[in-house]
Amino acid sequence: MNTVSLRTSTVAAVTTVDGLTTNDAQLSPGELPFYTTGSGTSFSAPQVAGVIALMLEANPQLTPGQVRDILQRTATPLPPYYAHEVGAGMLNAPAAVLEAAFPVRRFGQWRGTSYQAQVQFINTAPQVFNGALTPGSSNDSPIAVAPGVLRASVQIAWGGLLSPNTLG
């Protein structure tokens, strides 16, 4: 399996013995001056370290064990290879960072390739509504939901901590 990475600035820098003829054949001519391909743990380590940095930026509270867990769970399987050949599979950077940012979600259940900007997670500021009700009455309050939203959640609080207006 070849990993695409940045090419060093020297002309003589060819990542593998096969070089441009075999491994880099998957790259377009416009990409060749800037990118190269290679394989192996040492070649992929910078990409994994970068994803870990993004995960920790999204959630600084992650432990090393949680980082490993997320990386393994969100990896895309690589059939027909065995686990001893490729480990958990191909690094799925978007899924790993999203699961780090939203720990209650399990993006590892979705073991596909990159979502390619088809999904966007937004945590908007709470909308606050005020009103007074008498027993048996109702109050309607509009809630703004952006177009194209597939799922939204609403939390309702009744009264403040010291308020006598409790649900009881």
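Me: Hi! Before anything else, what counts as a helix here?
Reply: Hello! Helices are DSSP runs of H or I with at least four residues, and they are numbered from the N terminus. Bear in mind that this is a predicted model.

Me: Let's go to the salt bridges. How many are there?
Reply: The count is 2 salt bridges. D69, R73 and E99 are linked by them in a network.

Me: Take R73 and D69. What is the N to O distance in that one?
Reply: For R73 and D69, that distance is 3.5 Å, between their side chains.

Me: Where do those two sit relative to each other?
Reply: Both R73 and D69 belong to helix 3, and because they are 4 residues apart, about one helical turn separates them. As for D69 itself, this residue is partly exposed, having a relative accessible area of 36%.

Me: What about R73 and E99, how far apart are their closest N and O atoms?
Reply: In the salt bridge of R73 with E99, those atoms are 2.3 Å apart. This pair connects distant parts of the chain, with R73 in helix 3 and E99 in helix 5, 26 residues apart.

Me: Is E99 buried or exposed?
Reply: E99 counts as buried, because its relative accessibility is 1% and the cut-off for buried is under 20%.

Me: Since those two helices came up, at what angle do helix 3 and helix 5 pack?
Reply: Helix 3 (residues 64–74) packs with helix 5 at about 135 degrees, and their axes are 9 Å apart. That angle makes helix 3 oblique to helix 5. The crossing of helix 3 past helix 5 is right-handed.

Me: And how do helix 2 and helix 5 pack?
Reply: Helix 2 (residues 41–58) and helix 5 (residues 93–101) meet at an angle of about 25 degrees, with 8 Å between their axes. The two are therefore roughly parallel to each other. Helix 2 also passes helix 5 in a right-handed crossing.

Me: New topic: the surface. Which residues make the nonpolar patch?
Reply: V4, L6, F34 and Y35 make a nonpolar surface patch of about 410 Å².

Me: Where does Y35 lie?
Reply: Y35 is in strand 2, which covers residues 35–38. Y35 is partly exposed, with 34% relative accessible area.

Technical notes. Residues are numbered from 1 along each chain as its sequence is written. This is a predicted model: local features need pLDDT of at least 70, side-chain atom pairs count only at pLDDT 80 or more; totals for chains, interfaces and linings use all residues. Side-chain values use heavy atoms; hydrogens and water are left out. Patches are made of residues with over 30% relative accessible area and no salt bridge: like charges are joined within 9 Å, nonpolar side chains (Val, Leu, Ile, Met, Phe, Trp, Tyr) within 5 Å. Accessible areas come from the Shrake-Rupley method with a 1.4 Å probe; for residues, only the protein chains shown count as cover. A salt bridge is a side-chain nitrogen of Lys or Arg within 4 Å of a carboxyl oxygen of Asp or Glu. Buried means under 20% relative accessible area, exposed over 50%, partly exposed in between (1.4 Å probe, protein chains only). Axes are lines fitted to C-alpha atoms, for helices over the stretch in contact, and angles run from 0 to 180 degrees between N-to-C directions. Angles under 35 degrees count as roughly parallel, over 145 as roughly antiparallel, 65 to 115 as roughly perpendicular and the rest as oblique. A crossing is left-handed if the near helix is turned anticlockwise from the far one by less than a right angle, and right-handed if clockwise.
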